[in-house]
Amino acid sequence: PPARSEFSTQALQLTLPRFGGGEAWSSADDRGHVVLLDVWAEWCDPCRDSLPLIGDIAKQFESRGLKVYAINVDSTPAPIGPFLAKYKVELPVLLDPDAAKSEAVLRVKAMPTTLLLDKKGVIRHVHEGFDEEALGTWLDEIEKLLAE
């Protein structure tokens, strides 16, 4: 993962449209909540494994205030619906065509990349790629951020 110093201690400022329409999501809307952002693409093999597990994390911590969003970086939203159905993923999806904002604002370099934001909206943890053995670490980080 990138060094912590790569990220500002300022709250994230990011707005993205929602898959399926509706009001755009803004990082400012979730201040006061711990937020997990998972950046993924339909062509990404590890995303097929990680997204259903992230869906499980969302269900596990939802009642404690964790907000989870899957940021899709495909150039078109066409493959998103079939992907979500096939892999039984039930997460709110945000659209970032061709990773324009993910690369510029979140400094994403690999798929998937998972970011954890604290209740002030500051990026505190970044995980590039996916390894099921790392899930314990993610859960510990979520627990600590929720307790702050």
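pLDDT is the predictor's confidence in each residue, on a scale from 0 to 100.

**Entry 1: confidence.** I noted at the start that this is a predicted model. I looked up the pLDDT and found a chain average of 92, with 95% of the residues scoring at least 70. Residues 1-5 have a pLDDT below 50. Beyond near neighbours in sequence, this stretch makes 8 contacts in the model.

**Entry 2: the sheet.** I traced an open sheet of 5 strands and wrote down the order β5-β4-β3-β6-β7, with mixed pairing. Which strands sit at the edges? I found β5 (93-95) and β7 (123-128) there, each pairing on one side only. I also looked up the angle between neighbouring strands of this sheet: ignoring direction, they are turned by 20° against each other on average.

**Entry 3: β6 and β7.** I followed strand β6, residues 113-117, along its partner β7. The two run antiparallel and are joined by 5 bridges. I listed two bridge partners for β6. Thr113 is paired with Glu128 in β7, and Leu117 has Ile123 of β7 as its partner. The hairpin of β6 and β7 has 5 residues between the strands. In this hairpin I marked Gly121, which takes a positive phi near 90°.

**Entry 4: the helix on the sheet.** Which strands does α1 lie across? I read off β3 (35-40), β4 and β6. The angle between α1 and β3 is about 165°.

**Entry 5: two backbone details in loops.** I checked the loop between α3 (100-104) and β6, where Pro112 lies. The peptide bond that joins Met111 and Pro112 is cis, with omega at about -15°. I then went to the loop between α2 (80-86) and β5, where Lys88 is found. Lys88 has a positive phi of about 50°, although this residue is not a glycine.

**Entry 6: the largest pocket.** I looked up the volume of the largest pocket and noted about 210 Å³. The pocket is lined by 13 residues, and the closest to its centre are Ala58, Glu62, Leu66, Lys67 and Val68. Which elements each supply at least two residues of the lining? I found α1 (45-61) and β4 (67-72). Both also turned up above: α1 lies across β4, and β4 stands between β5 and β3 in the sheet order.

Key:
Residues are numbered from 1 along each chain as its sequence is written. This is a predicted model: local features need pLDDT of at least 70, side-chain atom pairs count only at pLDDT 80 or more; totals for chains, interfaces and linings use all residues. Side-chain values use heavy atoms; hydrogens and water are left out. On a 1 Å grid over the protein atoms alone, a cavity is a set of points where a 1.4 Å probe fits but cannot get out, and a pocket is an open set with protein on both sides within 12 Å along at least five of seven lines; lining residues have an atom within 4 Å of a point. Grid points are joined across faces, edges and corners, and a volume is the space filled by probe spheres set on the points. Helices (H or I, at least four residues) and strands (E, at least two) are DSSP runs, numbered from the N terminus. Contact means heavy atoms within 4.5 Å. Two strands pair if DSSP finds at least two bridges between them. Axes are lines fitted to C-alpha atoms, for helices over the stretch in contact, and angles run from 0 to 180 degrees between N-to-C directions.
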